[in-house]
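Colleague: I have some terms to ask about. Please set each value against its definition.

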Amino acid sequence: MVDNKASPVLQVKDLAVAYKIRGGEIEAVQDASFVIKRGEAYGIVGESGCGKSTVAWAVLNFLGANGYVKRGQIKFLGQELTQKSKSELRLLRGDQIAMVYQDPMQALNPSMRLGDQMKEVLTIHRGISDAEAEKRCAKMLERVYMPDPVNVMKRYPHQISGGQQQRVVIGMALLNNPALLIMDEPTTALDVTVEAAVLDLIAELRHEYDTAIMYITHNLGVVARVATRVGVMYAGEMVEQGTVEEIFKNPRHPYTQGLMRCVPKLGANKSESILYPIPGRVPPPGNRPAGCMFAPRCDYADNRCQEEHPALRALDNVNVRCHLAEEIDWRQWTPTEDVIAPPAVIAQAAADQPILEAKSLKTYYPVKGSSLKDVLGLGEKRFVKAVEDATFQIKRGKTLGVVGESGCGKSTLVKTIIGLEDSTGGDVKFLGFDITGNLSTRDEQVIKELQMVFQNPDSTMNPTYTVGQQIARPIRRFKTVPNDQVRAEVVNLLETMRLGANYFDRLPRQLSGGEKQRVGIARALASRPDLILCDEPVSALDVSVQAAVLNLLLEIQQKYDTTLVFIAHDLSVVRFFSDEIAVMYLGQIMEIGPAEAIYAPPYHPYTEALLSAVPVPDPTAKQKHIRLQGNVPSAINPPAGCRFHTRCPRRNLLPNGGKICQTEIPPWREPDDEHKIFCHLPTDTLTTFEPVISKEGNG
Amino acid sequence: MEAMQSGLKLAAPPSRLRRMWKNISIIFDSRVGTIGMIMVLFWIVTALVSLFWTPYPPNATDFIQNTPPNIQNLLGTDQLGRDILSRLMQGTQVILLKTRLPWGKAILPGGVAIWGVLGSVTLGAVLGLNAGYRGGWTDQIIMQFLDALIAFPVIVLYLVVIAALGQGDLVVIVAITITGAPGVARLVRSLTLDIKTRDYIRAAETRAETIWYIMFKEILPNARGPLLVDSMLRVGYAIFAIGTLGFLGIGLPPPDPDWGNMVNEARRSIFANPLAVVWPSLAIASLVIGLNLFADGLREELSRYQK
């Protein structure tokens, strides 16, 4: 090992990685160079298909049977890795180089106890005795804040939660005190509150162990929080590189600037700010332009950019791959004409009539027991209380955002409204019709007015049928237009979605994720519904595509005066997009009100915790540090009294340490006419909470 | 790679014929599949030729009995002095090309093996879709019933069907259908369980489509890849079944030759003329193996292209 603190751990120089495919090869990574020093976290950001993960795999030589390092050097602690044999690399991996991937469930062996898996790392690489290894593992688990480590080691992966699994994986990676830790989207699959805790842990461990970290993510907020230096990748190249403060304060490359413009800042809303998607899409490897990779999507591109490939060069404190970097001032930027900038003011007319009204809506799922009694139907009936006493209303032309961690019942709420699930109790009125029953009990007229947009672009469309056929189906089914005009109507919808008539005969597999999602929206629009329920419509998309889809949704909302229910786990997106917001926890609405009221004090303690967990894409912003302890309790047996009391960080503000929270259901506090908070804390106390983010970024 | 493929495909919408050819031509990427396809094509061509020409009338007893292969009878003659080559060629017809109906001389295009497999795929798909999509009690009842059916040895099922309905081409089709349907139903059910979780099924449900529309228009077309491969294998099994029934003497009725029956008849003089048993056995084996290889190649290539 090297003693010098600032000595480089990993040096990647002019790296190019190619995959052999039928009839040739494609260069997934063309030119990546960077250095990671001890104790440094190097963030690599970029959209999907830019070669971020390929770089990580190249370091470990995990490129599969058809991939290889074509050019360049990868030096780890001074040794060249590209020349090493498989067995030499195997000794390094897991010992001096460790990795953490996105899905902890796939990184852990489901049939081995966690302790045994962890011990393997030590016994294989270091030849440590079993008993000693056991001790060290327990210590490491304690280090990563795992409650009850000795017990956890006896469990199997499925017996602990996703956040805990990722902690085990991180702990396992750190057991041998590796010089380099590679993390590929380690928090993408986790909830914000869990993500925040894991990111804290990573930062802490970096300081303590002085490990070099290579952190790959698509999320600018996460990079701002975790990294010290950042490399931005585009189409297989490193396009900009510098310290995190420098990159966020003064992005030089037009691509980096574009990325910053398409994510909503936390607290930004649709009437004050506009998202600017980057036009076009990342060129696939094998079809990349000759000049600057970004030229076809760049507002500044001139002739030189089309012809001459720019090199990565130093400019002030950063490295940037752009011919025009000196001349571009990103503050002077104005959108070019073909970028949609929807007029931001929402029409206020006729907005008073609520279109949907729910009163103490309940949805329970029966749980099947496995005892003999249960099989015979004699056992006690148990339920997952997925939605409990939801009361809210939505006015015409408005958007209700629903936020909460996974398992909080937001999807069930939407499914109940649309009729895919039966409600268990309560009252829902839509346009004056009762819609408490499921779809089979509803009138065709009601069905047609309620449509849904789904999360996963890959499964939202039937792979068998063309785009045109799928959009036409609801039109024919509900006879929205006469049969001979169906095609024209479909083309019209496609154009509204900015797709064009030539998409009519395409099959889903020929579309990109964003295009599929737009077709999904077009299909939902086809029956001309009054209310569209959007279940995480943009969370599976890249940021620039996400911005474009959000803009389209805003546009159709204005054009057709559509009402939207918008579910998302990204709080900045929900804030940007919604007029009203409901915060859910364990099936219960904890706080509901106008968007601006939710994001400013008075907060519900849970909302406050959520907001302080959101990764903010601004390294200079000061954010309150509130982390929830423990796991979300089971919805089969939710805590009595206030459902949040087991994790509430504000309980002790009440007399007696908040005993009342354990026994009594909290009252609705109404600090404002429309704003309601479900909490025992009196409004006066809630109002004293500080704002979560004290310094707004440069937005 | 995926991005590049889609890039190429976006170039121009190819004509329907080109698209079909492109779909078919993926089989050439697999060597095993290509060999299988050549074997299957060989028998299809043989069957077509036999409609118009065989070296000699297949049922004519014009030759010396049990001769080994020679210039006159390329594969020799059987125990009644019939030309084995002509009979083998003719034997393909009833498997692949025609079904004799019990009414006069009426003939249905499409062989017994083909109709049998179509029957089991149709019945199996309907049962599997209902079991998989509806779930609950429907699923329990359908699957328990099919499991009970699977528990019977196949040959016993054949005998039961034939004992109940008598002999004939249609009866063999029914027998193949009944014995094949449980397997198809299991496959379709498992595919349905996967496909029904997709969002486009939710979209159809929120349009309140009928259950039959969802099952047959939304789910079934997306199960066609695995189903096609399975059908190929099943044609192989069906040919085997026809051979078995023919060998037992309860298969396709005379006078037309049938490979299983040919083996059975030649078995009696196996020491005098062993080749007379070998030829029809080889024919059955090569067609079944050809179909298996073809199906394997198809599965391999389809799974690669579905990504």
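Colleague: Why is Asp561(A) called partly exposed?

Modeller: Asp561(A) has 15 other C-beta atoms within 10 Å. A residue is buried if 20 or more other C-beta atoms lie within 10 Å of its own, exposed if 12 or fewer, and partly exposed in between, with C-beta atoms placed from the backbone. The count of 15 is in between, so Asp561(A) is partly exposed. Its place is the loop between α19 (543-560) and β20 (563-567) of chain A; helices (H or I, at least four residues) and strands (E, at least two) are DSSP runs, numbered from the N terminus.

Colleague: What makes the phi of Asp561(A) worth a remark?

Modeller: Phi of Asp561(A) is near 55°, a positive value in a residue other than glycine. Most residues other than glycine have a negative phi. Ala208(B), in the loop between α9 and α10 (211-219) of chain B, also has a positive phi, about 55°, and is not a glycine.

Colleague: How do you know how far to trust chain B?

Modeller: By pLDDT, the predictor's confidence in each residue, from 0 to 100. The mean for chain B is 85, and 94% of its residues reach 70 or more. Over residues 1-12 of chain B, pLDDT stays under 50. Where pLDDT is low, the predicted coordinates should not be read in detail. For the complex, the predictor gives an ipTM of 0.82 and a pTM of 0.84.

Colleague: What makes a residue of chain B count as touching chain A?

Modeller: Two residues are in contact if their C-beta atoms, placed from the backbone, lie within 7 Å. By that rule, 20 residues of chain B are in contact with 25 residues of chain A. The largest share of chain B's side, six residues, comes from α9(B).

Colleague: Why is α22(A) said to be largely enclosed?

Modeller: Helix α22 (residues 605-613) of chain A has nine residues, and nine of the nine are buried, so the helix is largely enclosed by the rest of the structure. Among the elements covering them are α8 (192-209) and α20 (571-577) of chain A. In the loop between α21 and α22 of chain A lies Pro602(A).

Colleague: How do you know that chain A agrees with a compact globule?

Modeller: The radius of gyration is taken over C-alpha atoms, and the globule rule is 2.2 Å times the number of residues to the power 0.38. For 699 residues that gives a value near 27 Å, and chain A has 27 Å, so the two agree. Buried residues make up 50% of chain A, which has 24 helices and 24 strands.

Notes
Residues numbered from 1 in each chain as written. Chains lettered and ligands numbered in written order. Predicted model: local features only at pLDDT ≥ 70, side-chain atom pairs only at ≥ 80, totals over all residues.
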